[in-house]
Amino acid sequence: MKLGFFSIDLRVHKKHDVPTAESSHFAESNENITNTPNLFSHVTLQVRVQAWKEVSGKDMKFVNLDVANEYDLLVQLIKDEQPDSIVHFAEQRAAPYSMKTSKTKRYTVDNNVGGSNNLCCAVIDSEVDAHVVHLGTMGVYGYGTSGGEIPEGYIDVVLPGGREANILHPAYPGSVYHATKCLDALLFQFYQKNDALRVTDLHQGIVWGTNTPQTIKDERLINRFDYDGDYGTVLNRFLMQGAMGVPLTVYGTGGQTRAFIHITDTARCIEIAINNPPASGERVEIFNQVAETRRVRDVAKLVADQTGVDVNMLPNPRFEAAENELDVANRKFCSLGLDPITLDEALFKEVTEVVNKYKHRCDPTKILPASFWNKKRAEECASLDPSSVKINA
Ligand SMILES: NC(=O)c1ccc[n+]([C@@H]2O[C@H](COP(=O)([O-])OP(=O)(O)OC[C@H]3O[C@@H](n4cnc5c(N)ncnc54)[C@H](O)[C@@H]3O)[C@@H](O)[C@H]2O)c1
């Protein structure tokens, strides 16, 4: 089987490594991303590809292109490679970054929706019957209390006149980033109907952990570890804060319930999705890619109990329900062989050990939130002082 991996290419690049995209908006934003604090040194993707060859004996090809702006190259790549599957990671993936300014909102929409639309058009133009596997988010369903289990993508409804239907679950995004994943879902629905494009959309929970069984084989393969307020995901941020002796940054009451998945299961789910493509003409396949749901303050307590740090309740920079329930179906992946990894203190230890090794790279002034959902939230957070955070480890 041939796979297309041309979406993961730019994550480790500095601007001077990306000459073809130098003048594009993507390069500008990508520079923002690569300039964000990251606990690991930036090993270039070329080095990581070489490291993977050394540990596995397998060749992985790396092509550097911007899917939102280099359409012709994308079509040519698909024609040349004739992939069976294309795993589409290539989006600006930080909700806080997407809410920072009008510039980052516009960039997130242009890059994410433009990139997904380009990919669908490119697969169709190239006349290659590739299965597109897209990384979406649980956030497309919204985080209100829905009063029942969230099904996998589609929901039974009764329309006016008593007609029964099974439709895409209503979209209810909580940020511009999440809105782009909802728009992606509509594009996939359209291109499946119109052109019989085969698509799987993975509605993924919040990823935590640092290593998979593959990346642990060589330090050069470790994923990036973002701990700052814009790019860091909540559990990894707490684990990093615990290891640094910094009070945990819980927003509001911490009553938000969210879905979590370990990075090893992310990789496993993508493998399962690739191996179970929808047939030609079948509607978009949607999986909820989650292991479990937990309340943020309960997650903070787990980390605080293990590390002895305090829990700091901050004014919430996000505009979201203070408390919500979240009950999510994940039966499809489980029936296909996933045995989900749940929050486990032994695995916390693995992350903490990695953080301890690289903690000299941490800039504590980046730990507090730096993006605010609206003017009111910015005003409520005005007292937060980034320079007040001190490392005590
Ligand atoms: N990490 C999570 O908790 C999480 C949860 C749900 C969904 N996701 C989704 O998973 C996917 C991968 O995210 P990640 O967490 O590994 O983050 P990441 O930033 O490591 O990966 C995204 C990659 O896409 C690249 N990219 C962005 N725009 C591009 C473009 N126009 N052309 C080419 N490459 C481009 C970035 O450079 C980056 O390397 C994203 O689509 C994200 O929205 C992540």
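1. Strand 5 (residues 163-168) is hardly covered, with 0 buried residues among its 6. Here a residue is buried if 20 or more other C-beta atoms lie within 10 Å of its own, exposed if 12 or fewer, and partly exposed in between, with C-beta atoms placed from the backbone. Strands (E, at least two residues) and helices (H or I, at least four) are DSSP runs numbered from the N terminus.

2. The model is predicted: local features need pLDDT of at least 70 and side-chain atom pairs count only at pLDDT 80 or more, while totals for chains, interfaces and linings use all residues. Residues are numbered from 1 along each chain as its sequence is written.

3. Strand 5 pairs with strand 4 (residues 154-159) in the antiparallel sense over 6 bridges; pairing requires that DSSP finds at least two bridges between the strands. Arg163 in strand 5 stands opposite Leu159. The hairpin of these strands has 3 residues between them, and Gly161 takes a positive phi near 90° there.

4. On the overall fold, the chain has 12 helices and 12 strands. Its radius of gyration is 21 Å, which agrees with the value near 21 Å for a compact globule of 393 residues; the radius is taken over C-alpha atoms, and the globule rule is 2.2 Å times the number of residues to the power 0.38. Buried residues make up 43% of the 393 residues. Of the contacts between residues at least 6 apart in sequence, 83% join residues at least 24 apart, a contact being two C-beta atoms, placed from the backbone, within 7 Å.

5. Helix 3 and helix 5 (residues 102-126) pack at about 50°, with their axes 9 Å apart. That makes helix 3 oblique to helix 5 (under 35 degrees is roughly parallel, over 145 roughly antiparallel, 65 to 115 roughly perpendicular, and the rest oblique). Axes are lines fitted to C-alpha atoms, for helices over the stretch in contact, and angles run from 0 to 180 degrees between N-to-C directions. The residues in contact include Leu74 and Ile78 of helix 3 and Ala122 and Val123 of helix 5.

6. Most residues other than glycine have a negative phi. Gln82, in the loop between helix 3 (71-81) and strand 2 (85-88), has a positive phi near 45°. Gln82 is exposed, with 12 other C-beta atoms within 10 Å.

7. Ala196 lies in the loop between helix 6 (176-195) and strand 6 (198-204). Ala196 has a positive phi of about 55° although it is not a glycine, and with 13 C-beta neighbours inside 10 Å it counts as partly exposed.
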